[in-house]
Structures are given as C-alpha cells and as structure tokens.
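Here is a briefing for a reader new to this structure. Look over the chains first, then read on by topic.

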Amino acid sequence: MLRFLLGRLVKIVLILLAITVLNFCLIHMAPGDPALVMAGEAGDADPKFLAQLRTQFGLDQPFYVQLWAYVSHVLMGDLGYSYRQQMPVSTLILQRLPATLILSITAFALSLGLGVLAGVVAAARQGRWSDSLISAVALLFYATPLFWMALMAVLLFSVQLDWLPAFGYEQAASGLHGLARAFDIARHLVLPATTLGLFFMATYVRITRASMLEVNRLDFVKTARAKGLKPSVIQRRHVLRNAILPVVTLAGLHAGQLVGGAVLIETVFAWPGIGRLMFEALQSRDYNTLLGVFVVSSALVLLFNLITDILYRIVDPRIRAS
Amino acid sequence: MTDTPSPSVTIDHLRIALPEGADRPYAVDRVDFRLYPGKVLCVVGESGSGKSMSANALMGLLPEGVRVADGRIRLGDTDILAQDEEGMRGLRGRRMAMIFQEPMSALNPLMKIADQIAEVFEAHNLLRPAERRARALELLTEVGLPDPARAAASYPHQLSGGQRQRVVIAMALALEPEVLVADEPTTALDVTTQAQILELIRRLQVDHNMAVMFITHDFGVVAEIADHVAVMQLGRVVEEGPADTVLRNPQHAYTRKLIDAIPKLGAGRAEAPERPPLLTVEGVSKTYHLGGGLFAKSRKVEAVRDISVTLGRGETLGIVGESGSGKSSLGRCLVRLQDVSAGRIAIDGQDMTRLQGAELRALRRRVQMIFQDPFASLNPRIRVGRAIADGPIAYGTPVATAMAEAEALLERVGLPGTARRFPHEFSGGQRQRIGIARALALKPEVIVADEAVSALDVSIQAQVLDLLDELKRELGLSLIFITHDLRVAAQICDRVMVMQKGACVELGPGAQIFDAPAHAYTRSLIDAIPGRDWDQSAA
Amino acid sequence: MSEFWKAYCRNRGAVVGLVILAVVLILSIVAPFWFPGSPWDMVQMPFLPPFQEGDAILGTDTLGRDIASGLAHGAYVSLLVGFVSTLVSLAIGIPIGAAAGYFGGWVDDILSRITEFFQVIPAFAFAIVLVAIFQPSITSIIVAIAVVSWPPVARLLRGEVMSLKHREFIEAAALSGQSGFTIIWRQILPNTISPVIVLSSMMVATAILTESALDFMGLGDPNIMSWGYIIGAGRTVLQQAWWISFFPGVAILLTVLAFNLIGEGLNDALNPRLSKRRD
C-alpha cells in the first residue's frame with residue numbers, strides 16, 4: 001500500500017508539473033502580448049507595471065528561461081497576482097477552496113450513495129414499473145443541462161415555494177456560531193449539492209443497474225444459490241460487492257466532470273468557491289486567476305482519483321496482490 | 001444380491017421447455033432418472049443434448065426463460081416441483097448440493113475461501129461463527145488441500161484451478177447432502193488434476209453414501225466413475241443401463257457412434273520410416289518478461305526451455321503437455337507469431353528466426369497454422385471465401401483466381417458453395433474446416449495445429465481428424481499437432497514430444513511413448529487418462 | 001440493413017429520439033425562412049410573457065427579442081457544434097487509441113500517458129480556459145470541446161484493438177502474409193465500428209451540453225444566437241421572466257435526450273448479443 005501511495009504521489013506531481021507547462025504554453029499561445037494576458041484588464045492602463053511583469057517572468061529572455069521562471073514560481077506555490085482583486089491568486093483560491101470542497105464532496109457522496117441505491121433497486125425490480133421509472137428519471141437527469149436544472153431548482157424551491165435559500169454560502173452578517181452556523185450552511189448547501197449530485201447520480205444509477213444484472217449472470221452467483229443462501233444475502237454480499245467495482249472506476253473518471261460541474265453550480269448559486277472565482281475571473285478577464293483556478297481544480301481531480309483508487313484497492317483483493 | 005434400496009431421487013417424464021425461438025421446443029423431453037444412495041449416475045451426451053438442463057432442473061436452478069413443462073422430480077418423499085423458492089432454498093446445500101464446470105468463476109473473487117464455506121452453514125442457520133470456521137477448515141482438509149489453513153485464508157485467485165474445484169467440493173459436502181449434482185466438474189482441468197478430482201469425488205461419495213448425478217461429455221470419465229449410465233441425444237435418453245453393459249456392449253447406434261469416435265490409445269502408429277528432415281528446431285527458448293514499471297520489478301517466465309526437435313517430410317509430430325507446459329508458446333514460435341529468445345528454427349536449412357520483411361514473408365507461407373477456437377479464428381465481418389483468399393491475394397494472386405481457388409478449397413473440406421457466407425452461419429466443426437482451408441490456401445509444407453479439435457464434440461472431432469489425415473496424405477504435408485489430449489495424439493502422431501514446464505521430458509515414436517514411457521511425468525500423464533483400463537480391456 | 005432497423009425500432013425510446021432529432025433538424029433548416037429576420041432584432045416590447053396574442057408565441061427577452069426565433073436559429077448552432085466537435089474528437093482519438101492498442105510497448109506507454117493526462121484535466125474548466133484564451137468564437141468552441149472530449153474515444157479504441165489484436169483471426173491474417181496496415185484497416189477497424197458509433201452518439205449529446213454551458217458562462221460566439229446564451233441572458237431576471245430561461249433549457253434537454261436515446265437504440269441494433277442480455 002505504501003509503495004502504491006508513493007507511486008501515485010510521484011505521478012500526481014508529474015501531472016501537476018505537466019499542467020503547469022500547459023498553462024505556460026496557453027499564455028504564450030494566446031493572441032497578443034503575454035504580459036498583457038498575465039495582467040488581465042488591469043494591465044491596460046499601466047505600462048510601468050507591464051515592464052515589471054516582463055522582467056519578473058523574464059519575458060524578454062529565451063523561451064526556456066521563461067518556462068523555468070514560470071514553473072518555479074508555480075512550484076513555490078506562487079500562482080501570480082490578481083491585479084483585479086489586488087491579492088495573490090493563491091490567497092484568493094485558498095479562501096474559496098473550503099466552499100468548493102464542501103460542495104463537491106457532498107455532491108459526490110450524495111450521487112454515489114443514492115445512485116448505487118437506486119441502481120440496485122432498479123436491477124432487483126428489473127422489467128417492472130419501478131425499474132422503468134428509475135431508468136427514465138435517470139435518463140432525464142442525464143440529459144438535463146446542469147445550469148438550467150439549477151435555475152429551475154431556484155425558481156421552484158426558492159422563488160415559488162420559499163423552502164430553501166437560493167444564493168450564497170450562509171446568511172450574511174447573521175453572527176451565527178457553532179452548530180447554528182453549520183445548520184445555516186447546510187441549508188444553503190441543499191440546492192447546489194443536490195443539483196450537482198443529480199446529474200452524476202443518473203450515471204451511477206445506470207451503470208450500477210447494468211453491472212448488477214451482469215454480475216447476476218456469473219457462475220459464483222449460481223454457486224451461492226446452490227448453497228441455499230437467501231436472495232437478499234446473495235444480492236448484498238456476492239452481487240453488489242462485485243458490481244460496485246465498475247461504479248468506483250467510473251466515479252474516478254468522473255471526478256473531472258464533477259469539478260467542472262461545480263463551476264456552473266457555483267456560478268448559478270453564487271456559492272463562494274473556486275468555480276465562482278473562475279466565473280468572476282472570466283468576467284473581468286483576469287487570466288492569472290483563471291489559470292490558477294485551473295491548476296488547483298486539476299489538483300482537486302487528482303485528489304478524487306486517488307480516493308477512488310484507494311477505495312478500489314480496499315474492495316478488490318486481486319489488485320492488492322499484484 | 002441385496003434388495004434394492006429406495007432411490008434418493010426419482011425423475012419421471014421430465015420435460016423442460018425452452019423459450020420461444022429456440023432451435024427446438026424442449027431442451028429435455030420425457031426423461032426418467034433414478035439416483036440411488038452410494039451410486040453414481042453418469043448422464044453423458046454431446047453439447048445441446050440437454051444433460052445440464054436435467055441437472056439444473058433437479059436443483060431448481062434453471063436459467064431464466066426455461067421452465068419445467070411436465071413431469072415429476074422427487075427427492076426422497078419431497079416433491080421438488082411443488083416447492084416454492086423458500087422451500088427450494090431449504091433443500092439446496094442441505095439435502096442436495098452442486099459442483100460446476102468452471103472452478104475459475106464458481107467462487108466469489110472478493111471473498112476469502114473460509115468465509116465462502118462458512119456461508120453454507122449460515123444459509124441454514126447452523127452452528128456459531130467460530131464453529132463454522134472450524135468446520136470449514138476440517139472440510140478443506142477432507143478434500144485434500146495441501147495447506148488447509150493457508151487455503152482458508154486465501155482469496156480464490158491465489159489458488160489453482162484444481163484447488164478451487166476442491167474448495168467447491170468442500171462447500172458441497174458441508175451439510176452432508178444426500179444428493180450431489182456434478183456438472184462437468186473436471187472438463188476445465190488438466191488430465192492429472194482431473195484424475196485426482198475424479199478419485200476425490202469417488203472416495204467422498206462412498207464415504208458419505210451420497211447419490212451422485214454426474215454430467216459429462218467424456219466416455220473416458222464415464223468409465224472411471226459411473227455405476228449407471230444414461231446416454232442423451234437431443235433431449236432424450238437413447239440408452240441407459242449399468243456402466244459395464246453400456247460401455248462394453250452399447251445397443252443404440254448413437255452410443256456406438258460416440259464410443260467409436262473416441263480415439264483409441266492402442267491404435268498408435270507403427271514405427272514410422274526414416275524421413276528427410278524439413279523443419280529443424282535447435283535449442284529454442286522463449287522467455288517472457290511480465291509486468292514491470294517504475295516501481296515494480298518485472299517477472300521472468302521461461303515458457304519454452306531449450307527445445308530441439310526435427311520434423312521429417314510427411315511426418316506428424318505431436319506436442320503434448322498440460323496447460324502452462326509451453327506447448328502453445330513453442331507452436332507460436334514455429335510460425336513466427338512470436339520471436340524466440342534463443343535458438344534457431346530452420347526450414348530446409350534456412351533459418352527463419354532472424355528474417356524480417358519480404359524474406360520472412362516468402363518463407364512464412366511454407367508454415368501455416370490451424371487455431372484452437374473455431375469462434376475466434378474467423379473475422380465475423382469477412383465472408384469465408386474472402387477470408388481464405390486473403391492470403392494468396394496478399395502474395396499477389398489476382399483476386400478472381402484466389403476466389404476460385406478458395407471455392408475449390410471449401411469444396412475439398414466438404415463445404416461446397418459456401419464462399420459468400422459469413423462465419424456466424426457455420427457450426428463449430430464447419431468453422432474448423434474453414435480454418436483448415438485457409439491454412440491450405442497458401443500451399444504450405446508444414447501445418448501447425450494448435451489444439452485444433454479440443455473445442456469440438458467427439459463425433460465432430462473424429463470427422464475433422466479424418467479430414468486432416470486425408471489432406472495430409474493427399475498433399476504430402478508435414479504436421480505438428482499440439483494437444484493436451486493424449487488419446488488424440490496417440491491416434492494420429494508418428495512421433496510425440498512430451499513437454500513439462502517449458503522443457504521436453506520425452507521424445508519418441510508414438511507407440512513407444514504410450515506403451516513404454518521412459519519418464520515418470522509421461523507415465524503419470526498416461527496413468528491419468530480417464531477410461532484407460534476400459535480401453536485396454538476393449539482392445 | 002432491414003435487420004438493423006428491426007432491432008433499432010424494437011427500442012421505442014430510440015424511435016422517439018429519432019423523431020425529436022428530426023424535428024430539431026428540420027427546425028434548424030427552416031429557421032431562416034420561418035423567422036427571416038435576425039434573432040437579435042427587437043420585435044416586440046421587452047418581457048412579453050409567452051402564449052399571448054401577437055407574434056412572439058414564446059415571449060420576448062429583456063431587449064424585446066423573440067425567443068421562438070432565438071430557439072429556431074440556436075438549433076443550427078447546437079447541432080453544428082455537436083457534430084463537428086465529435087468528428088474532430090474522433091479524428092484525434094481513433095488514431096491515438098488504435099496506434100496505442102496495436103503497437104503496444106513504448107508507443108502505448110507514451111500515448112496512454114498523454115490520454116490519461118487529458119482525461120485527468122477537468123474537462124469543462126479546461127474548455128473554459130481554452131475558449132477564454134483564444135477568444136470566444138464558433139471555431140474556438142468546437143476546438144475546445146474536441147480537445148477535452150477525445151480521451152474516451154482513445155481509451156475505447158485502445159481497449160478494443162488490444163483485445164482484437166490477440167484474437168486468432170488477426171494472427172491468422174498476419175500468418176497469411178497481410179501487412180500491418182492491411183490488418184489494421186481490413187481486419188481490426190471494421191470490428192471496432194459499432195462501439196465507436198454508439199459512443200459518438202453519446203458524445204454529440206455531451207458536446208451540446210458543454211457548448212450550451214460555455215454560452216451560458218458568457219463564452220459563446222458573440223455573433224451567433226444560441227440556446228445557452230439565451231438562458232444566461234435570462235438568468236438575472238429569472239424571478240420576473242421565467243420563460244426566457246425555461247424554453248431554451250427544454251430545447252437543450254430534448255435534443256440531448258434524443259442523442260442519448262439514439263445511442264441506446266444503436267447499441268441494441270449493433271450489439272444484438274449484449275442487448276438481448278439487457279432485458
């Protein structure tokens with residue numbers, strides 16, 4: 001396990017390094033002066049400031065010097081300075097990261113939990129109306145644009161029914177503390193996390209159902225039946241455990257989509273996470289922040305991937321052995 | 001003799017309906033079976049005869065869509081067909097147990113062996129958890145696993161096929177059932193492992209006085225284990241009786257045909273004349289490097305070790321061994337589907353192990369191959385005539401000529417006028433004929449046949465072997481016949497090479513290998529052939 | 001062919017999907033004739049609710065533009081981006097996956113690492129960065145979507161080719177003297193077509209979703225009216241004028257649903273063995 005983790009860590013660092021290089025290339029491939037790109041809109045006014053940027057990142061130097069300057073900055077945790085917000089990008093991102101983590105982890109758990117549950121139910125009732133209903137609803141969620149679903153959820157649950165808050169992370173200036181504050185955040189979390197989760201839930205429902213039906217046909221299930229085991233025990237102990245493996249793999253592959261979805265959801269719900277930050281950076285053409293968020297969101301995906309890989313190894317003894 | 005005991009299982013007029021659209025309405029049509037305590041009933045037949053369906057019906061484990069249409073199944077005084085699912089659950093595992101064909105997939109890959117055995121007790125609410133584990137260990141000891149404690153703590157993938165089959169048998173024995181249903185339990189195993197498992201089943205069945213229903217396609221296995229035999233064909237029992245009677249004096253034409261189709265061990269060829277050498281193999285080795293990467297050391301597997309042999313013109317050389325013996329790796333080296341790690345392979349004195357490009361192509365057409373799996377060896381999207389013609393076309397024959405030759409070849413292998421059909425329109429045996437036609441299309445001198453008849457039913461197998469033999473004489477071919485089946489090797493090979501763990505342990509004329517094996521491993525292989533005594537007494 | 005249709009039509013959802021797609025396709029073709037003016041033109045007073053008397057049956061937006069006209073013209077953009085970006089993804093993914101699977105060894109190592117890298121990058125965030133850096137236009141949107149969506153194609157092809165490569169009929173083809181190129185082209189690729197077609201259908205659906213999300217974020221081509229743009233523009237006035245965001249969303253939902261349904265139908269028709277086991 002230790003060796004596996006070590007290997008994974010090296011890989012993660014390498015991928016992050018590659019993403020940094022990619023970022024650098026993007027800045028240079030963008031039409032116009034790289035210094036302008038880095039400064040964003042703020043640079044328009046101030047030539048002195050642009051000159052300072054050029055020396056700082058060696059923009060008048062050969063290509064490889066520039067690359068090294070950029071990469072070493074990022075490796076030191078320096079993602080540049082947001083001239084719009086007058087703050088280092090890394091500080092900006094660190095402020096926003098907890099909100100995104102809460103949102104995406106909740107949505108991830110929600111979608112996986114409910115998705116697997118509904119998939120198991122659908123497989124067990126294969127061909128009956130409850131199966132058709134679950135499959136149809138999953139198909140519908142799978143085809144719904146995330147941001148539109150979010151808007152409609154606001155319209156229904158906040159505007160029409162007034163059950164839940166539509167925007168933000170917590171009641172501003174409410175002075176709440178401790179549990180009361182946690183409860184307040186949780187209330188704000190319900191709509192964003194559910195809408196973000198529903199889309200992925202739809203995928204997990206479909207794959208769980210298909211996987212359950214597939215495993216049900218395998219020989220060892222027949223062995224279990226020949227033992228005289230109860231159907232419920234067979235489904236739980238033999239079928240589900242094996243059927244969950246492709247779901248875990250898929251969940252890992254979906255981590256990227258989850259983070260991308262968070263950008264949309266945070267935009268709609270004004271959830272103060274890095275996704276919302278990305279939207280703000282777009283609005284103000286703040287490329288430094290944009291690219292900083294890009295690197296950090298990639299790191300987030302790698303983290304999710306690591307979690308699903310560990311999960312997989314816990315469930316499947318065959319991987320552990322090899 | 002003593003008075004007959006009452007049967008453990010009575011099956012009367014059983015009729016099993018297939019779903020609509022199947023090739024026949026009933027998988028099993030009005031059959032009767034009796035299982036007696038302490039006796040083995042072998043149900044024998046080719047694929048599609050309905051033998052497995054009968055077994056599954058007894059266990060109440062028929063596939064979805066298949067149902068019992070008529071008849072009666074009684075276990076002692078219990079009417080099986082009147083039981084609901086809950087009732088069947090109480091019987092399965094407790095009063096009747098089952099073992100399956102594929103030990104590789106019959107166990108849950110994510111659960112430890114001990115837990116899977118303990119589950120049998122749990123299913124019927126017997127014993128406490130600690131006692132269940134203790135019993136599991138006892139059972140693993142009883143079925144003869146070398147290190148029961150270690151096996152109990154293992155996952156299935158850590159055990160070999162034979163060991164897994166022992167685990168499945170241990171699970172079946174757990175609650176001392178009256179009836180054991182064994183569905184081709186040794187078919188997927190190597191011949192020596194098969195002999196051990198057959199002996200195990202026989203011993204346990206006597207010790208526990210069980211009634212056994214043993215499903216098999218192999219008359220050799222029948223001769224080893226059966227007390228009573230029922231021969232099935234297309235859903236009906238065509239002949240049944242005591243094992244000795246059916247095996248030595250078969251009455252029904254179908255039974256006779258099946259028994260005649262079995263290659264006879266005693267039918268080995270006489271000493272072959274000295275032949276001029278055609279293919280020379282000198283010190284060939286093949287080593288694989290598995291895995292490896294940034295953090296893992298790669299594993300070295302020596303699949304073939306220092307093999308030297310010469311194939312004479314017009315000779316048939318058999319390469320015999322169990323799975324993992326390296327016989328297929330050697331075959332693939334012979335046709336250059338993979339490169340050798342050391343040594344040389346020469347045809348007519350010309351080394352082909354180092355050739356590349358055009359020179360390799362020129363030489364390669366002289367050595368062709370027939371593959372094992374009739375379903376995987378033809379491209380599903382290419383018409384069979386074209387598949388045969390593709391080789392000559394690649395060597396520059398005009399398309400029309402090549403197609404005409406392909407049709408002629410198809411006619412020669414007994415499939416006239418089929419060139420425009422797709423592979424899925426043919427049966428397994430027919431596909432294997434197409435595979436032979438394809439190998440012949442390039443007019444080779446040597447043909448390497450890798451387990452070419454192993455996937456076929458015995459009667460089809462006999463036809464394909466006859467065809468190969470005819471073609472060989474007619475075209476003056478030399479044949480390398482790779483097989484795990486010693487009966488087949490004994491029947492058709494002039495000389496036989498026995499391989500074990502990548503090395504050649506014995507090489508000699510067929511008759512000598514089978515009548516007077518020199519090496520202990522060869523002897524153990526021959527001793528393990530099921531039905532050997534029956535063969536000898538029949539010869 | 002008729003057998004294919006029979007299998008396809010047995011899936012009723014797939015037929016519905018085909019009907020929806022036909023409607024959207026027709027809509028995109030007749031849009032210039034049905035709504036001859038530019039969809040950017042102000043035709044009515046702003047904030048006109050739907051289903052009222054007058055021209056704008058689906059209401060107007062904040063600037064008095066006809067939403068029905070926007071929907072009709074937007075259909076063309078969605079389909080265009082969906083199809084073209086999928087074609088580009090296939091053009092990137094198929095050669096990479098096929099080469100990785102067929103050659104194995106270090107070729108596979110390098111190509112698989114590259115694929116994995118693109119798979120790990122959060123697709124939507126990457127698309128946003130690409131479009132923002134290269135300036136929003138229909139081309140940059142198509143390129144961005146293609147660049148983030150080819151890895152699944154490469155993975156699929158690699159897996160298929162690797163499993164086919166050791167199939168006996170491929171070895172037989174090698175033995176019969178066919179060249180590597182002939183083997184890939186004649187023996188391997190035709191056997192990978194069905195899963196690729198099924199995947200493509202699903203990819204068009206995803207591409208349409210991504211395109212609308214980019215438009216929604218304000219990264220659409222400023223000269224082209226699209227469904228995502230209308231939703232984004234109506235977002236701030238959601239409470240007063242729900243219809244501005246509502247109708248384009250339904251249009252996206254139906255179109256994406258259509259492609260998913262078609263994908264399932266194709267799967268049933270092209271892999272009959274699998275689909276039989278499904279039900």
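Trp34(C) is exposed, with a relative accessible area of 55%. Here buried means under 20% relative accessible area, exposed means over 50%, and partly exposed lies in between (1.4 Å probe, protein chains only). The model is predicted: local features need pLDDT of at least 70, side-chain atom pairs count only at pLDDT 80 or more, and totals for chains, interfaces and linings use all residues. Residues are numbered from 1 along each chain as its sequence is written, chains are lettered from A and ligands numbered from 1 in the order in which they are written, and side-chain values use heavy atoms, with hydrogens and water left out.

**The surface around Trp34(C)**

- Trp34(C) sits in helix H2 of chain C, residues 12-34. Helices (H or I, at least four residues) and strands (E, at least two) are DSSP runs, numbered from the N terminus.

**Where chain C meets chain B**

- On chain C, 15 residues are in contact with 24 residues of chain B. Contact means heavy atoms within 4.5 Å.
- Chains C and B bury about 1,700 Å² between them, and 51% of it is on carbon and sulfur atoms. Buried area is the accessible area (1.4 Å probe) that two parts lose on being put together, summed over both.
- In chain C, Glu168(C), Leu175(C) and Arg186(C) lose the most area to chain B, together 39% of what that side buries.
- Two salt bridges are counted between chain C and chain B. A salt bridge is a side-chain nitrogen of Lys or Arg within 4 Å of a carboxyl oxygen of Asp or Glu.
- Arg186(C) pairs with Asp390(B) in a salt bridge, with the closest N and O atoms 2.9 Å apart.
- Polar contacts between chain C and chain B come to 13 residue pairs (both at pLDDT 80 or more). A polar contact is a pair of N or O atoms within 3.5 Å; within protein, one must be able to donate a hydrogen and the other to accept it, and residues adjacent in sequence count only if both atoms are side-chain atoms.
- Helix H8 (168-175) and helix H9 (180-219) of chain C are the elements that give two or more residues to the side touching chain B.
- H8(C) gives the most to that side, with six residues.

**Salt bridges**

- Side chains of opposite charge can pair when their charged atoms come close.
- Over all chains, the structure holds 44 salt bridges.
- Arg344(B) and Glu282(B) form one of them, at 3.6 Å from N to O.
- Arg344(B) lies in strand S14 (residues 342-347) of chain B and Glu282(B) in strand S11 (residues 277-290), so this pair ties together parts that are 62 residues apart in sequence.
- Both partners are partly exposed: Arg344(B) has a relative accessible area of 29%, and Glu282(B) has 37%.
- Glu445(B) forms a salt bridge with Arg313(B), at 3.7 Å between the closest N and O atoms.
- That pair links distant parts of the chain, 132 residues apart.
- Glu445(B) is partly exposed at 21% relative accessible area, and Arg313(B) is partly exposed at 36%.
- Glu445(B) also meets Arg366(B) in a salt bridge, 2.6 Å from N to O.
- A network of salt bridges links Lys227(A), Arg237(A), Glu119(B) and Glu122(B).

**A buried glutamine in chain B**

- Gln338(B) lies in the loop between helix H11 (327-334) and S14 of chain B.
- Gln338(B) counts as buried, at 11% relative accessibility.
- A polar atom of the Gln338(B) side chain lies 3.1 Å from the backbone oxygen of Ser329(B).
- Leaving out residues up to four places away in sequence, Gln338(B) touches Lys286(B), Tyr288(B), Ser329(B), Arg332(B) and Cys333(B).

**Chain A in outline**

- Chain A has 13 helices and two strands.
- Of its 322 residues, 53% count as buried.
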